[in-house]
Amino acid sequence: MNKNVTAIVGCKWGDEGKGKIASMQSEDATLVIRGTGGANAGHSVVYNGRTLPLHLVPGGITYPQTTAIIGPGVVIDPEVLLAEIEMLKGHGVPDIESRLKISGRAHVVFPYHKDLDSLHEFLKENPVGTTKRGIGPCYADKANRVGIRMYDLLLPEEELRSKIVEATKLHIQAFENNNMSVRISPKELAREYSNYGKQLAQYITNIEPIISNAIDNNNKIVIEGAQAFRLDLDHGDYNMVTSSNCSTAGSLCGSAIPPSALKEVIGIDKAYNSRVGNGPFPTEQPSSLITEGNGMLVGDVIRELGHEYGTTTKRPRRCGWMDCVILRSAKYTMGVDYLCINHLDTLGKIGLKLGYIKVCTEYLYNGSIVRYFPDDINLTKEIPEPIYETLYGGWEIDSSCKCYDDLPELAKQFIQIVENTSGIPVKYLGTGPANDDLIIREDV
Ligand code: IMP
């Protein structure tokens with residue numbers, strides 16, 4: 001088996017800036033694939049100087065030699081997808097018709113999934129803080145074997161209607177029992193979604209021959225991970241997670257790529273950390289989101305300097321210090337070979353503003369020092385307490401800084417702590433918002 005697959009995965013709770021490395025890696029790729037999640041993800045790609053927001057289509061589509069695949073593990077909102085295709089065409093991205101492929105096995109998100117998402121959140125004592133894009137209920141239907149796949153949108157309208165009737169029997173009861181005035185009309189939905197099917201038919205296909213051909217020819221394949229390690233359904237902070245396996249193994253599965261074709265895993269993180277939605281975040285800093293008044297708290301400083309507001313929901317993100325313990329777990333559970341640490345410039349500014357920077361290297365948990373993320377915090381009701389190393393001061397990174405040796409000494413010290421604690425070499429460093437604000441350490 002040829003091994004020419006590069007997987008790009010998020011190491012924390014998403015929003016680490018996977019798009020920049022995905023873009024760089026796609027420059028000479030033949031296939032770019034999304035394998036997990038749906039329109040809950042939001043990433044931006046720069047094309048002809050314009051920033052294009054994407055939720056479903058792999059960002060690597062902006063390189064004209066690529067074929068972009070939406071894999072069987074993705075859940076697709078056809079309305080969002082069609083708008084995205086139009087947007088890409090409108091910005092002049094060439095040959096979308098021939099270069100975009102959608103696995104017929106990918107499942108379809110319907111409006112009732114979004115209503116169910118809201119209902120579940122409403123009924124929960126501790127809501128997850130989902131994006132309300134219908135992701136969980138769509139994956140639940142898939143697991144219950146009543147999901148509707150992209151291929152089904154190509155069925156005669158009457159057959160699609162029968163599938164919708166089958167899929168929604170329990171959902172209708174759930175809405176009625178909770179006095180929710182959600183009206184599901186299988187007939188109208190079948191008409192609307194058949195229409196989407198007609199518009200998308202040219203893209204819907206069996207992706208296996210495309211992938212096997214690329215592997216046989218040793219073509220480069222890039223998997224663009226969505227969400228991240230701590231949001232993975234099995235390996236994240238259950239139940240404050242998303243509904244797909246968005247770490248490496250799940251991303252391969254959802255992309256229909258055999259694990260034996262993997263060449264490298266690049267884990268993406270930020271020099272500080274952030275999270276949207278609820279759930280444990282050991283290094284989270286106090287902010288006006290969780291504390292009333294008192295002006296700018298540390299979490300606010302990080303959020304404002306990092307512009308940490310959600311791309312999909314615009315929610316302000318919770319912010320805190322770099323957590324290297326999670327990176328150690330990411331090394332083993334996700335098989336991360338190299339790290340890319342983004343926002344190194346922002347961390348320097350945070351240090352200049354506060355006079356210090358912190359990096360979590362271990363946890364105090366249940367009276368012991370641990371160097372892994374505990375998986376029984378729902379049982380102990382204890383959030384691991386971070387143990388920090390502190391660096392005093394900050395730094396500025398200007399445009400002349402193009403290699404590791406040019407970096408300020410304090411920034412290098414920070415990187416060394418990350419490498420020593422996580423056991424993963426830092427090969428890429430994001431030093432600004434532009435695609436080429438990136439230091440690549442060729443010697444790593
Ligand atoms: P869901 O994926 O919409 O069900 O949301 C579950 C959790 O995952 C929530 O905390 C979301 O905020 C989070 N989440 C889902 N997708 C992303 C993403 O792309 N970036 C960051 N957080 C995400």
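I count a residue as buried when its relative accessible area is under 20%, as exposed when over 50%, and as partly exposed in between, with a 1.4 Å probe and protein chains only. This is a predicted model, in which local features need pLDDT of at least 70 and side-chain atom pairs count only at pLDDT 80 or more, while totals for chains, interfaces and linings use all residues. Residues are numbered from 1 along each chain as its sequence is written, and side-chain values use heavy atoms, with hydrogens and water left out.

**Entry: helix H1**

I took helices (H or I, at least four residues) and strands (E, at least two) as DSSP runs, numbered from the N terminus. I looked up H1 and found eight of its nine residues buried. Among them are Lys-18, Lys-20 and Gln-25. Gly-19, Ile-21, Ala-22, Ser-23 and Ser-26 are buried too.

**Entry: the sheet**

I then traced the strands, pairing two of them if DSSP finds at least two bridges between them. I read an open sheet of ten strands with mixed pairing. The order is S9-S7-S5-S2-S10-S1-S11-S14-S18-S19. Which strands stand at the edges? They are S9 (204-205) and S19 (438-440). Each has a single partner strand, so one side of each is left without a neighbour in the sheet.

H1 (residues 18-26) touches S1, S2, S10, S11, S14, S18 and S19. For directions, I used axes fitted as lines to C-alpha atoms, for helices over the stretch in contact, with angles from 0 to 180 degrees between N-to-C directions. H1 makes about 170° with S1. Helix H8 (residues 208-216) lies across S2, S5, S7, S9 and S10. H8 runs at about 135° to S2.

**Entry: strand S10**

I followed S10 (residues 221-224) through its pairings. Four bridges join S10 to S1 (residues 5-10), and the two run parallel. Val-5 has Ile-221 as its bridge partner, and Ala-7 stands opposite Ile-223. S2 also runs parallel to S10, with three bridges. There, Leu-31 stands opposite Ile-221.

Are the faces of S10 covered or uncovered? Both are covered. Ile-221 and Ile-223 are buried on one side, Val-222 and Glu-224 on the other.

**Entry: Asp-300**

I found Asp-300 in helix H10 (residues 298-306). Its relative accessibility is 4%, so Asp-300 counts as buried. Leaving out residues up to four places away in sequence, Asp-300 touches Pro-286, Ser-287, Ser-288 and Gly-295.

Definitions and conventions. Contact = heavy atoms within 4.5 Å.
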